[in-house]
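This briefing covers two contact regions in the structure shown below.

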Amino acid sequence: MQSVASQTLIDIHKLNLYYGQFHALKDVTMDIPEKAITAFIGPSGCGKSTLLRTLNRMNDMIPGTRIEGKVAIGGADIYSKEVDVETLRKKVGMVFQQPNPFPKSIYDNIAYGPRLHGIRGKQKLDEIVETSLRSAALWDEVKDYLKRSALSFSGGQQQRLCIARAIAVNPDILLMDEATSALDPISTLKIEELAQELKDKYTIVMVTHNMHQAARVSNQTVFFLNGEVVEFAETEKLFSNPRDQRTEDYISGRFG
Amino acid sequence: MSKVTTAANQFAARRGFNQIANRLFTGIVWLIGICTIVFICGLLFLILKKGLPELDWSFLYGLPSEMEEGGGIGPLIFNSFYVLVISLVISIPLGMAAGIYLAEFAPATKFIAFIRICVEGLASVPSIIFGLFGIALFVEALDIGLTIIGGAVSLAFLNLPVLTRVTEESIKAVPKELKHASFALGSTHLQTIRRVLIPVALNGIITGICLTAGRAFGESAVIILTAGVSSSGEMWDFSLYSPGATLAVHLWYVQSEAIVPDAQLIAEKSAAVLVFVVLLINIVFRVPLWLNERKTR
């Protein structure tokens with residue numbers, strides 16, 4: 001286990017989230033360290049994806065969502081009035097459950113984000129496209145097909161393209177919302193390897209319903225149940241020696 | 001005795017009711033399909049066969065005559081396009097804006113639901129109602145008489161609900177995942193609409209524009225009431241206040257009112273031109289679609 005005391009990047013304090021009457025997150029408090037992989041596990045509907053989406057404020061798009069408490073990234077409260085959501089999302093990238101490339105070419109998919117944020121020069125864009133695709137371990141497979149539609153590639157390639165697209169706007173944090181659940185085992189493995197490489201540069205928070213995945217790739221694991229954090233520990237510790245009985249029941253497959 | 005020796009092939013065809021119904025249904029669908037296609041193609045062929053061989057430039061370009069043989073339809077074709085272009089210039093931006101509003105910004109309230117029903121209702125109102133509205137607005141309230149601008153604006157009103165509806169539906173049909181992907185990259189709502197929603201929805205929107213353009217080109221009731229049944233009688237008359245009979249109106253006019261001896265022939269030739277141009281409009285509008293599709297395939 002890494003004993004390096006890494007710094008906290010995301011500080012969540014007494015966070016409560018309601019969808020209308022439904023209390024989806026209850027008094028969630030945690031510190032997520034930077035340049036590491038933190039995995040959220042738990043049964044369906046436990047609030048793990050909801051918490052992930054509070055980190056880039058994608059929950060804002062769901063009408064009737066109400067939030068109390070504090071979420072700070074690098075010390076800045078992301079729910080304060082002065083926050084510009086677009087700037088926040090540029091710094092907090094997201095990869096979704098279903099690969100969702102735009103029906104455009106590979107090149108235009110990667111260049112989409114940088115163009116949004118005002119980068120125009122072809123040379124600059126070419127450079128971003130190449131480095132992003134390289135970081136996502138996709139460059140060698142697609143370098144000759146940059147003008148081809150993203151939709152003509154396999155699901156695993158599309159998902160790595162989505163990761164490259166997220167990286168292209170130079171975020172600090174990468175959120176992965178069950179990013180491998182729609183993929184085959186080999187593509188899943190590639191994404192997991194990629195996550196391992198990317199954690200040196202980015203803080204990765206991933207939601208997974210696959211406990212083995214959490215055990216394989218993450219540094220810290222958080223176990224959720226009914227909107228509450230049951231246990232937050234180093235991954236190795238949580239899986240080998242859980243403190244809470246409910247965690248033990250879940251990871252030993254007794255429910256969920 | 002074992003049964004195996006006598007058992008028939010268990011995969012042999014059964015002739016149950018479902019199998020027969022299936023074949024019967026397939027046959028009927030084929031028959032109706034073929035009949036419809038033959039009917040439509042026959043109609044097109046008849047119209048084009050009667051008119052096209054008689055066409056010459058002097059007819060397409062010439063001025064219509066009131067009394068003598070050999071009048072042309074030049075100003076009427078011009079008016080048709082002129083009115084069509086003006087009406088589209090007005091209705092496309094408005095219709096698309098309203099459609100985008102309804103799809104992306106409108107809150108889910110009862111009032112908006114009511115608006116939506118109104119739009120749908122307007123889309124199926126007979127065109128003559130829009131003609132009467134045009135009269136009330138341009139001829140009576142504004143008192144400018146029967147004009148091209150009156151006809152074009154009334155026509156735009158006629159097309160507006162359809163365009164609104166088509167845009168809304170096309171935008172709503174864009175997968176939510178694409179929208180989320182765009183937002184997650186830090187795009188504003190406008191950027192998402194402009195760079196993702198509209199390009200992806202373009203296919204549906206252009207199909208809608210194409211349908212309304214074809215309908216507008218062939219529309220007669222609205223034009224008769226708001227732009228009149230005569231043209232200014234000269235070519236390339238860009239004045240918005242000239243009377244603006246279109247080809248479709250002329251077709252009706254020579255068939256029912258005109259006293260020229262060759263009215264029948266003019267009608268046949270006009271019909272052929274009308275059909276031909278509507279086909280052409282459909283093809284022209286599809287070119288950007290093909291290009292768009294090739295880019296996104």
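In this predicted model, chain B and chain A bury about 1800 Å² between them. Carbon and sulfur atoms account for 65% of that area. Chain B is itself divided into two domains, and the area buried between those domains is about 650 Å².

**Chain B against chain A: extent**

- The contact joins 18 residues of chain B to 23 residues of chain A.
- Of the area that chain B buries against chain A, 36% is supplied by Ala184(B), Leu185(B) and Arg195(B).

**Chain B against chain A: polar pairs and make-up**

- The interface of chain B and chain A has zero salt bridges.
- Five residue pairs are in polar contact between chain B and chain A, counting pairs with both residues at pLDDT 80 or more.
- Two helices of chain B, H7 (176-184) and H8 (189-218), are the elements that give two or more residues to the side touching chain A.
- H7(B) gives the most to this side, with seven residues.
- By residue type, the side of chain B that touches chain A divides into seven nonpolar, eight polar and three charged residues.

**The two domains of chain B: layout**

- Domain 1 of chain B covers 17-52, and domain 2 of chain B covers 55-296.
- Their C-alpha centres lie 30 Å apart.
- Six residues from domain 1 of chain B and eight residues from domain 2 of chain B take part in the contact.

- Of the area of about 650 Å² buried between domain 1 and domain 2 of chain B, carbon and sulfur atoms give 77%.
- On the domain 1 side, the residues that lose the most area to domain 2 of chain B are Ile47(B), Gly51(B) and Leu52(B).
- Together these residues make up 57% of what the domain 1 side buries.
- One salt bridge is counted between domain 1 and domain 2 of chain B.
- A salt bridge joins the side chains of Lys50(B) and Glu268(B), at 3.9 Å from N to O.
- Zero residue pairs in polar contact are counted between the two domains of chain B, where both residues must be at pLDDT 80 or more.
- The side of domain 1 of chain B that touches domain 2 of chain B consists of four nonpolar residues, one polar and one charged.

Terms used: Residues are numbered from 1 along each chain as its sequence is written. Chains are lettered from A and ligands numbered from 1 in the order in which they are written. This is a predicted model: local features need pLDDT of at least 70, side-chain atom pairs count only at pLDDT 80 or more; totals for chains, interfaces and linings use all residues. Side-chain values use heavy atoms; hydrogens and water are left out. Domain bounds come from an automatic or database domain assignment. Contact means heavy atoms within 4.5 Å. Buried area is the accessible area (1.4 Å probe) that two parts lose on being put together, summed over both. A salt bridge is a side-chain nitrogen of Lys or Arg within 4 Å of a carboxyl oxygen of Asp or Glu. A polar contact is a pair of N or O atoms within 3.5 Å; within protein, one must be able to donate a hydrogen and the other to accept it, and residues adjacent in sequence count only if both atoms are side-chain atoms. Ala, Val, Leu, Ile, Met, Phe, Trp, Tyr, Cys and Pro count as nonpolar, Asp, Glu, Lys and Arg as charged, and the others, Gly among them, as polar. Helices (H or I, at least four residues) and strands (E, at least two) are DSSP runs, numbered from the N terminus.
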